[in-house]
Amino acid sequence: MAQCILKIALDTPLNAVFDYRWEGEDGALPQVGQLALVPFARREVVGLIVGLAEHSDVPVEKLKDALAVRGQLSPLTAEWLALAGFAADYYQRPLGEVALPGIPKNLRVLTTVALDRAIKKLGKLEDKHDHTPLNMPALNAEQQAAADHIGGALGYQPALLYGVTGSGKTEVYLQACAQVLAREPEGQILILVPEINLTPQLEGNIRARFPGVMLATLHSSLSEGERMLHWLAAHQGRARIVLGTRLAVLASLPRLKLIVIDEEHDPSYKQQEGLRYSARDLAVWRAWQLKIPIVLGSATPSLESWHHAQGGRYRKLELRERAVKSAVLPKVKLIDMERDKPRDGLTSQLVAALKLRMERGEQSLLFLNRRGYAPVICCESCGWISDCKRCTSFMVLHKPEHRLRCHHCSLEMRIPRHCPTCGNIDLQPVGRGTQRVEEGLQALFPEARILRIDADSTRKKGSAQEAFDTVHRGEVDILVGTQMVAKGHDFKKLTLVGIMNPDTALFSQDYRASERLFAQLMQVAGRAGRAAQVEGGSPAEVLIQTRYTQHPLYSAVVNHDYDHFASALLAERKQAALPPYLFQALLRAEAPELATAIEFLTLARDCRQWEGVTLNDPIPMTMTRVHNVDRAQLLVESASRPVLQAFLKEWMQALRDTKTRVKWSLEVDPLDI
Ligand SMILES: Nc1ncnc2c1ncn2[C@@H]1O[C@H](COP(=O)(O)OP(=O)(O)OP(=O)(O)O)[C@@H](O)[C@H]1O
Ligand SMILES: [Zn+2]
């Protein structure tokens, strides 16, 4: 009989690994990295075996027996456990809370029916072992150099693929993948994209190029059954390419040989709740740990990555021109809204440009980063405005649904017929969202085929894909959208991009706002003119409506000048001692009363002092109240990452020991402050 103590990580907020007794019937002991069914708090749960021991510090009569081990699933590798361990450590979370959610839900249930079914299904699929790529276009010299560098890299070799929009970065990834697949007959490749909406386009490309290679996708809109199957295909090493969104960074990939991160600058790589990790940063760590190459691609790299490339930690690979011969970067023009006063949000120059595209049968895109009809409604007679009862924000007017809706707490109500305070029936929408722009355009161009793409119009599963397909088929004249349409899409018939009112972001308190706005404008501008100009067609053009035509950020966009803009921002950050020259963590607290949250943070600030670490004063968050809860934050800073990490470790323990009733959480490397 085989006996031992199993050390098992469970998905609990307790920072602990639990000991269980194991008495197996046959001789074999369980292995580290296997899943086990154990009793916990009067339930049975699935945990992860992270260690085996002969003795436990827990008295033997208090130990419980592990009930079963999932023997049909091969153990997660030591490298994978190290990755989960690193993430838990770095982001200051319990191991089980990181490791277990990284494994499909269907594996963490009591029965193994789903697992057995998935194993059977996968067993029937045949591996073609044919990685001959099909129809690879000839690369231009810069693309070829980049693909050869990435495809030929051995060992930990991080590269930043800095290529202007439409420069054919995808093609570089695919040809680098082809080289890796040919060299490593068993090797696996992980490709990350920031948005689910970008997976179908890339998935199609990969399947067309590598018909004999098993591809697995991992993203949040898979059903649990699909997720299990895809995860397993990766875990068994059968899926040679795994394509996914940020959560795929934790996929089990025993033979990983290359990591690709597309649009690496994108904030979606940061998880904003629970384990607030950066998939990009974890991917870089994973590449370092496995000693494999990783490529981060973008037309507008994050300042962090740019900084590493400038300093030589990442190798910079450049694509300076658009890939399609005779496709050129669009001409960017600023329209002064003080001179050309907009009607229905549109200046006469923008309207004229739209009209020209309509006449020539070309597509236009109007970008506005605000969904809904109007951000607020108000009563002109008494000054009432539609603020949310539960949040420091407004109820947004959604006209098609006749509702007011808070985008923060989801409170909804019918549009009031008259003013709730004075009874006036003339309530007016103030400001403009995508729905209102769509309405205005339809009145202006009754014959136009207008399509709005935003979070509201694409709520139904599959509807976003359908919408993008409609655009690609050329069945849309004017596309109106939020940031959803700005990234990565390869719209071939688009020759005009109008940016409606980006000014508000110029004056944000968040020091990252200008980096983000610049990237967003460059990205959305990059959707125009990706194919060769047809004869008699319009040259690609981007029109930005603004009241600040002299602003240096806009000049940089006009000149497509990421380099100088990024260098100037970096110099500013260095001078002001801000990231990437400084490391931060943010402690947040929530309570029904602001004072309680601030009080807890003050206690947290005063409970530890640490050489080289600055604890700032607690302050209310910019949006203080959400869903009847007040929120405050405390920013911790240090010039050294290891010093900050050492401090956080001790500090977290001290905070857990306070056993406060205040809800608090820590974010390492916060993006929004
Ligand atoms: N070598 C090539 N020859 C001809 N066409 C190419 C070549 N490489 C890429 N293309 C085409 O160029 C277009 C733009 O490529 P892709 O979408 O990969 O650009 P990108 O660099 O990812 O741009 P973005 O940063 O805007 O997402 C695509 O239609 C692609 O098929
Ligand atoms: Zn609300």
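Modeller: The account below starts at the ligand and then moves to its surroundings.

This is a predicted model, in which local features need pLDDT of at least 70, side-chain atom pairs count only at pLDDT 80 or more, and totals for chains, interfaces and linings use all residues. Residues are numbered from 1 along each chain as its sequence is written, while chains are lettered from A and ligands numbered from 1 in the order in which they are written.

There are 20 residues around ligand 1, and Thr165, Gly168, Lys169, Thr170 and Ala323 come nearest. A residue counts as near a molecule or strand if its C-beta atom, placed from the backbone, lies within 6 Å of it. Helix H5 (residues 169-183) supplies the largest share of this shell, three residues. Helices (H or I, at least four residues) and strands (E, at least two) are DSSP runs, numbered from the N terminus. Sorted by class, the shell around ligand 1 holds six nonpolar, 10 polar and four charged residues. For this sorting, Ala, Val, Leu, Ile, Met, Phe, Trp, Tyr, Cys and Pro are nonpolar, Asp, Glu, Lys and Arg are charged, and the others, Gly among them, are polar.

Ligand 1 lies between domain 2 (141-319) and domain 3 (331-371 + 433-571), because both give residues to its shell. The division of the protein chain also includes domain 1 (2-76 + 88-103) and domain 4 (583-668). These bounds come from an automatic or database domain assignment. A UniProt annotation, "domain: Helicase ATP-binding" (unreviewed entry), covers residues 150-319. UniProt positions are given in the numbering used here, feature names are shortened, and annotations may be inferred rather than shown by experiment. The span 150-319 is 36% helix and 21% strand, and its end C-alpha atoms lie 14 Å apart.

Next comes the contact between the two domains. The C-alpha centres of domain 2 and domain 3 are 28 Å apart. Their contact takes 18 residues from domain 2 and 21 residues from domain 3. Two residues are in contact if their C-beta atoms, placed from the backbone, lie within 7 Å. On the side of domain 2 that touches domain 3, the elements giving two or more residues are helix H6 (199-209) and helix H9 (303-311). H9 gives the largest share of that side, three residues. The residues of the side of domain 2 that touches domain 3 divide into seven nonpolar, eight polar and three charged.

A residue is buried if 20 or more other C-beta atoms lie within 10 Å of its own, exposed if 12 or fewer, and partly exposed in between, with C-beta atoms placed from the backbone. After H9 comes Gly312, with a positive phi near 90 degrees.

Domain 3 is written in two segments, 331-371 and 433-571. A set of cysteines is numbered between those segments: UniProt places the feature "binding site" (unreviewed entry) at Cys388, Cys391, Cys406 and Cys409. These positions are spread over 22 residues of sequence but cluster in space, the largest C-alpha distance being 8.8 Å.

Cys391 sits in the loop between strand S16 (376-379) and strand S17 (395-398). Cys391 counts as buried because it has 20 C-beta neighbours inside 10 Å. Not counting residues up to four places away in sequence, Cys391 touches Cys406, His408, Cys409, Arg625, Val626 and His627.

Cys406, by comparison, belongs to strand S18 (residues 403-406). With 21 other C-beta atoms within 10 Å, Cys406 is buried. Leaving aside neighbours within four places in sequence, Cys406 is in contact with Cys388, Cys391, Ser393, Met395 and Leu411.

To return to the part requested: ligand 1 lies between domain 2 and domain 3, and H5 gives the largest share of its shell.
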